[in-house]
Amino acid sequence: MWILQIARLGHPVLRHPAAPVTADELASPEIQKLIDGMILTMRECAGVGLAANQIHVSKQIAVIESKKNPRYPDAPDIPLTVLINPRLTSLSVKKEVSWEGCLSIPDLRGAVPRAESLVCEGLDRQGRPLLIEAKGFKARVIQHECDHLAGKVYLDRMEDFSTLTHLAEFGRFWNK
Ligand code: NI
(Lines give C-alpha, C1' and ligand atoms only; values in the text may rest on other atoms or scores of the structure.)
Protein backbone atom coordinates (compact mmCIF):
# COMPACT_ATOMS: atom_id res chain seq x y z
CA MET A 1 0.00 0.00 0.00
CA TRP A 2 1.19 3.51 -0.70
CA ILE A 3 0.38 7.11 0.16
CA LEU A 4 -1.89 8.70 -2.46
CA GLN A 5 -1.20 12.12 -3.92
CA ILE A 6 -3.63 14.81 -2.79
CA ALA A 7 -5.20 17.21 -5.30
CA ARG A 8 -4.85 20.82 -4.27
CA LEU A 9 -7.22 23.75 -4.74
CA GLY A 10 -7.31 24.64 -8.43
CA HIS A 11 -7.37 21.02 -9.66
CA PRO A 12 -10.70 20.63 -11.49
CA VAL A 13 -11.37 17.22 -9.87
CA LEU A 14 -12.14 19.07 -6.62
CA ARG A 15 -14.86 21.10 -8.36
CA HIS A 16 -16.79 18.28 -10.05
CA PRO A 17 -19.57 16.45 -8.19
CA ALA A 18 -18.41 12.85 -7.63
CA ALA A 19 -20.38 9.92 -9.11
CA PRO A 20 -22.26 7.42 -6.89
CA VAL A 21 -20.51 4.07 -6.36
CA THR A 22 -22.40 1.06 -7.73
CA ALA A 23 -22.71 -2.19 -5.74
CA ASP A 24 -20.40 -3.96 -8.21
CA GLU A 25 -17.77 -1.23 -7.98
CA LEU A 26 -17.89 -1.27 -4.19
CA ALA A 27 -17.31 -5.04 -4.11
CA SER A 28 -14.34 -4.80 -6.51
CA PRO A 29 -10.76 -5.27 -5.25
CA GLU A 30 -9.82 -1.95 -6.92
CA ILE A 31 -12.27 0.11 -4.86
CA GLN A 32 -11.51 -1.81 -1.65
CA LYS A 33 -7.79 -1.17 -2.20
CA LEU A 34 -8.54 2.49 -2.89
CA ILE A 35 -10.43 2.76 0.43
CA ASP A 36 -7.42 1.24 2.24
CA GLY A 37 -5.18 3.77 0.48
CA MET A 38 -7.47 6.65 1.51
CA ILE A 39 -7.36 5.55 5.18
CA LEU A 40 -3.56 5.28 5.07
CA THR A 41 -3.21 8.66 3.34
CA MET A 42 -5.57 10.40 5.78
CA ARG A 43 -3.56 9.04 8.72
CA GLU A 44 -0.18 9.85 7.16
CA CYS A 45 -1.24 13.44 6.42
CA ALA A 46 -2.86 13.83 9.87
CA GLY A 47 -6.24 14.60 8.29
CA VAL A 48 -9.53 13.93 10.10
CA GLY A 49 -11.26 13.16 6.81
CA LEU A 50 -10.54 12.54 3.15
CA ALA A 51 -12.84 12.45 0.12
CA ALA A 52 -12.04 10.37 -2.98
CA ASN A 53 -11.92 13.35 -5.31
CA GLN A 54 -9.11 14.71 -3.12
CA ILE A 55 -7.04 11.78 -4.39
CA HIS A 56 -8.19 12.31 -8.01
CA VAL A 57 -11.01 9.72 -8.01
CA SER A 58 -14.43 11.24 -8.71
CA LYS A 59 -16.47 8.70 -6.71
CA GLN A 60 -18.70 9.24 -3.66
CA ILE A 61 -16.34 7.76 -1.08
CA ALA A 62 -15.11 9.48 2.07
CA VAL A 63 -13.22 8.34 5.15
CA ILE A 64 -13.19 10.08 8.53
CA GLU A 65 -11.27 9.44 11.76
CA SER A 66 -9.91 11.51 14.61
CA LYS A 67 -7.51 10.14 17.21
CA LYS A 68 -5.09 12.45 19.03
CA ASN A 69 -4.48 14.39 15.83
CA PRO A 70 -1.50 16.80 15.77
CA ARG A 71 -3.29 19.07 13.24
CA TYR A 72 -6.38 19.22 15.51
CA PRO A 73 -5.04 18.63 19.05
CA ASP A 74 -8.29 19.69 20.76
CA ALA A 75 -10.60 17.59 18.58
CA PRO A 76 -12.70 14.82 20.15
CA ASP A 77 -12.13 11.25 18.92
CA ILE A 78 -14.08 9.96 15.94
CA PRO A 79 -13.88 6.23 15.16
CA LEU A 80 -12.78 5.24 11.66
CA THR A 81 -15.82 5.49 9.37
CA VAL A 82 -16.07 4.83 5.64
CA LEU A 83 -18.94 6.67 3.94
CA ILE A 84 -20.18 5.50 0.54
CA ASN A 85 -22.78 7.60 -1.35
CA PRO A 86 -23.55 9.71 1.75
CA ARG A 87 -26.68 11.88 1.97
CA LEU A 88 -27.14 14.49 4.68
CA THR A 89 -30.18 15.77 6.49
CA SER A 90 -29.59 18.71 8.83
CA LEU A 91 -31.24 18.30 12.21
CA SER A 92 -30.52 21.81 13.43
CA VAL A 93 -31.42 25.05 11.71
CA LYS A 94 -28.94 26.76 14.00
CA LYS A 95 -25.37 26.95 12.74
CA GLU A 96 -22.20 26.82 14.74
CA VAL A 97 -19.07 28.67 13.59
CA SER A 98 -15.73 26.90 14.08
CA TRP A 99 -12.31 26.43 12.47
CA GLU A 100 -11.63 24.21 9.51
CA GLY A 101 -8.62 23.30 7.45
CA CYS A 102 -8.27 21.05 4.42
CA LEU A 103 -5.49 18.85 3.04
CA SER A 104 -6.28 20.26 -0.42
CA ILE A 105 -5.83 23.84 0.86
CA PRO A 106 -2.59 23.47 2.83
CA ASP A 107 -1.53 25.71 5.73
CA LEU A 108 -4.77 27.70 6.02
CA ARG A 109 -7.60 27.82 8.54
CA GLY A 110 -10.91 29.61 8.34
CA ALA A 111 -14.06 30.00 10.45
CA VAL A 112 -16.94 28.12 8.83
CA PRO A 113 -20.63 28.03 9.82
CA ARG A 114 -22.08 24.49 9.81
CA ALA A 115 -25.26 22.80 10.99
CA GLU A 116 -24.74 21.70 14.62
CA SER A 117 -26.27 18.28 14.11
CA LEU A 118 -27.27 16.03 11.25
CA VAL A 119 -28.21 12.58 10.05
CA CYS A 120 -25.98 10.95 7.43
CA GLU A 121 -27.30 8.02 5.42
CA GLY A 122 -25.30 5.91 3.00
CA LEU A 123 -23.44 2.61 2.83
CA ASP A 124 -20.41 1.22 4.64
CA ARG A 125 -17.50 -0.35 2.73
CA GLN A 126 -19.28 -3.74 2.72
CA GLY A 127 -22.33 -2.16 1.09
CA ARG A 128 -24.45 -2.35 4.24
CA PRO A 129 -26.82 0.56 5.01
CA LEU A 130 -25.24 3.14 7.28
CA LEU A 131 -27.09 5.68 9.40
CA ILE A 132 -25.07 8.10 11.51
CA GLU A 133 -26.42 10.76 13.83
CA ALA A 134 -23.74 13.31 14.58
CA LYS A 135 -23.30 16.64 16.30
CA GLY A 136 -20.52 19.14 16.90
CA PHE A 137 -17.07 18.32 15.50
CA LYS A 138 -18.12 15.00 13.96
CA ALA A 139 -21.07 16.65 12.20
CA ARG A 140 -18.67 19.33 10.93
CA VAL A 141 -16.22 16.78 9.51
CA ILE A 142 -19.04 14.86 7.79
CA GLN A 143 -20.37 18.09 6.23
CA HIS A 144 -16.85 19.06 5.08
CA GLU A 145 -16.30 15.68 3.36
CA CYS A 146 -19.79 15.58 1.81
CA ASP A 147 -19.12 19.06 0.43
CA HIS A 148 -15.96 17.72 -1.25
CA LEU A 149 -18.04 14.99 -2.92
CA ALA A 150 -20.40 17.71 -4.21
CA GLY A 151 -17.47 19.69 -5.66
CA LYS A 152 -17.36 22.26 -2.85
CA VAL A 153 -14.61 23.31 -0.43
CA TYR A 154 -14.90 25.01 2.97
CA LEU A 155 -14.02 28.40 1.48
CA ASP A 156 -17.40 28.30 -0.32
CA ARG A 157 -19.14 28.11 3.09
CA MET A 158 -17.22 30.91 4.81
CA GLU A 159 -19.11 34.10 5.63
CA ASP A 160 -16.20 36.13 7.05
CA PHE A 161 -13.00 35.96 5.04
CA SER A 162 -11.19 38.14 7.59
CA THR A 163 -10.86 34.91 9.62
CA LEU A 164 -8.87 33.16 6.87
CA THR A 165 -5.44 32.69 8.39
CA HIS A 166 -2.12 31.01 7.77
CA LEU A 167 -1.45 28.21 10.28
CA ALA A 168 1.61 30.04 11.63
CA GLU A 169 -0.55 33.05 12.56
CA PHE A 170 -3.47 30.85 13.69
CA GLY A 171 -1.40 29.57 16.62
CA ARG A 172 -0.21 33.08 17.49
CA PHE A 173 -3.41 35.10 17.22
CA TRP A 174 -6.51 32.95 16.98
CA ASN A 175 -6.21 29.63 18.77
CA LYS A 176 -6.14 30.91 22.36
NI1 NI B 1 -11.01 19.02 2.92
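Predicted model: local features only at pLDDT ≥ 70, side-chain atom pairs only at ≥ 80, totals over all residues.
# Close-up views

**View 1. Aspartate 156 is partly exposed, with a relative accessible area of 39%.** Residues are numbered from 1 along each chain as its sequence is written, and side-chain values use heavy atoms, with hydrogens and water left out. Arginine 15 is partly exposed too, with a relative accessible area of 39%. The side chains of aspartate 156 and arginine 15 meet in a salt bridge, at 2.7 Å from N to O. (A salt bridge here is a side-chain nitrogen of Lys or Arg within 4 Å of a carboxyl oxygen of Asp or Glu.) This pair links distant parts of the chain: arginine 15 sits in the segment before α1 (23-27), aspartate 156 in the loop between α3 and β8 (165-166), and 141 residues separate them.

**View 2. Glutamate 100 and arginine 114 join side chains in a salt bridge.** The N to O distance is 2.8 Å. Glutamate 100 belongs to strand β4 and arginine 114 to strand β5 (residues 105-115), so this contact ties together parts 14 residues apart in sequence. Both glutamate 100 and arginine 114 are buried. Zoom out a bit and you'll find a network of salt bridges linking Glu100, Arg114, Arg140, Asp147 and Arg157. The whole structure has 12 salt bridges.

**View 3. A nickel ion is held by three protein donors: Cys102 (SG), His144 (NE2) and His148 (NE2).** These donors lie 2.1 to 2.2 Å from the ion. Donors are N, O and S atoms within 2.8 Å of the metal (3.2 Å for Na, K and Ca), and water is not among the atoms, so sites may look incomplete. Along the sequence, the donor residues follow the spacing C-x41-H-x3-H. Cysteine 102, in strand β4 (residues 95-102), and histidine 144, in helix α3 (residues 136-149), link distant parts of the chain, being 42 residues apart. Both cysteine 102 and histidine 144 are buried.

**View 4. Strands β4, β5 and β8 line up in that order in an open sheet of 3 strands with antiparallel pairing.** The edge strands are β4 and β8, each pairing on one side only. Two strands count as paired if DSSP finds at least two bridges between them. β4 and β5 pair over 7 bridges, while 2 bridges join β5 to β8. A hairpin through 2 residues connects β4 to β5. To find your way around, look for glutamate 96 opposite arginine 114 in β5, lysine 95 opposite alanine 115 in β5, and arginine 109 opposite threonine 165 in β8. In β5, 8 of the 11 residues are buried, so the strand is largely enclosed by the rest of the structure. Helix α3 lies across β4 and β5, running at about 60° to β4. (Axes are lines fitted to C-alpha atoms, for helices over the stretch in contact, and angles run from 0 to 180 degrees between N-to-C directions.)

**View 5. The largest nonpolar core has 19 residues.** A nonpolar core means a set of buried Ala, Val, Leu, Ile, Met, Phe, Trp, Tyr and Cys residues joined through side-chain atoms within 4.5 Å. Leu83, Leu118, Cys120, Ile132, Ala134 and Ile142 touch the most other members. At least two residues each come from β2 (61-66), β3 (78-90), β6 (117-123), β7 (129-135) and α3. Helix α3 gives the largest share, 5 residues. Apart from this core lies another, of 18 residues, including Leu50, Ile55, Ile84 and Leu103. What does cysteine 120 touch, leaving out residues up to four places away in sequence? Its contacts (heavy atoms within 4.5 Å) are Leu83, Pro86, Arg87, Leu88, Leu130, Leu131, Ile132 and Ile142.

Terms used: Helix = DSSP H or I, 4+ residues; strand = E, 2+ residues; numbered from the N terminus. Buried < 20%, exposed > 50% of the residue type's maximum accessible area, 1.4 Å probe, protein only.
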